[in-house]
Amino acid sequence: MSNQPSLDDIRLFVSVVQAGSLSLAADLTGVSVSRLSRHLTQLEKSLGTQLVNRGKKGISLNELGERFFGHAQNMLKQADYAISSVHEVLDQPEGLLRISVASDVGHYYLLPHIEQYLTAHPKVSLDINLNQNKVNMIQDGIDIAIRVGMINNDNVVARPIASVEFGIYATPEYLMQHGTPTTPDDLHQHKIIAQTLSLPWWFFQDNHEVRREVKIAPPVYLGCNDFLMVNELIVKGLGIGKMPKVGAEQCDNLVQVLTDWQIQPSTISAVYYKNRGAIPAVQSFVKWITAIYQ
């Protein structure tokens, strides 16, 4: 025996035998007669023996061919069962899925849609860990981390979900009392409320591609590692600060300033280790969350 027969060769052999001739098998399978003949020859070469007799009236099985044909049919059935079993699990993933996400990202990008995922995948349970800092996914047993910014790790897959756009916001009352900044440099004259993980630099660019780098050096007026609290402090009129536009749009009493200047957006990604990517629950969640914002 020169080599192991391929499953494709065996499947086409069974199709030819069931059809009774190469020409009819070609009509049924869409595979040309010449290609079917090559597959039969290749199968016989792999096995080291002839299986079929070719004649003008079609093909017929010899004794070894009859024996092989019966086993081949059973083997193909088992292969189909195996493939179907995988597809069933992929269609209905199950088990516990542990997710790490920053509170603000979870609030704005996960919470509004999570019911949709749970309804579509009733056999999956979610354990959501809110954490502003990067976690050790292996040590903490995290399947998927939803992260903002660049991902520098060759061992993980980072699937982009959405782009977070930012603006500088304050309440009308604050601006009336402290004035409205007209350039990024004017921010130094204001009470800055900042998400501390975004410090020390805020990067701006205007419509003429003029760049400004503003250093928001500690101690700022108010600093917090959670964007949700930063947002609430700005809404209370305690200062001026950078907010995700998706959060500001949910507030009625905020004014965006420096609208001629754009702040560099950040990318949200679903991150998972490469060896976890084949898990059906991981696949289903990543496919679902990336589809929402496409």
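**Exercise 1. How many disulfides does the structure hold?**

The model is predicted: local features need pLDDT of at least 70, side-chain atom pairs count only at pLDDT 80 or more, and totals for chains, interfaces and linings use all residues. Residues are numbered from 1 along each chain as its sequence is written, and side-chain values use heavy atoms, with hydrogens and water left out.

Step 1. Apply the cut-off: a disulfide is a pair of cysteine sulfur atoms within 2.5 Å.
Step 2. Check Cys251. Cys251 is in no disulfide either.
Step 3. State the count: 0 disulfides.

**Exercise 2. Classify Cys224 and Cys251 by accessibility.**

Step 1. Set the classes: buried is under 20% relative accessible area, exposed is over 50%, and partly exposed lies in between (1.4 Å probe, protein chains only).
Step 2. Cys224 has a relative accessible area of 12%, so Cys224 is buried.
Step 3. Cys251 stands at 24%, so Cys251 counts as partly exposed.

**Exercise 3. Describe the largest nonpolar core.**

Step 1. Define the set: buried Ala, Val, Leu, Ile, Met, Phe, Trp, Tyr and Cys residues joined through side-chain atoms within 4.5 Å.
Step 2. Size it. The largest core has 54 residues.
Step 3. Find the residues with the most contacts inside the core: Leu97, Ile144, Ile146, Ile168, Phe204 and Phe285.
Step 4. Find the top contributor. Helix H10 (residues 280–292) gives the most, with 6 residues. Helices (H or I, at least four residues) and strands (E, at least two) are DSSP runs, numbered from the N terminus.
Step 5. Look for another core. A second, separate one has 22 residues, including Ala26 and Leu76.

**Exercise 4. Characterise the largest pocket.**

Step 1. Define it. On a 1 Å grid over the protein atoms alone, a pocket is an open set of points where a 1.4 Å probe fits, with protein on both sides within 12 Å along at least five of seven lines; lining residues have an atom within 4 Å of a point.
Step 2. Give the volume, the space filled by probe spheres set on the points: about 850 Å³.
Step 3. Locate the centre. Of 31 lining residues, the closest to it are Val148, Gly149, Phe166, Leu197 and Ser266.
Step 4. H5 gives the most to the lining, with 4 residues.
Step 5. Split by class: 18 nonpolar, 9 polar and 4 charged residues. Here Pro counts as nonpolar and Gly as polar, while Asp, Glu, Lys and Arg are charged.
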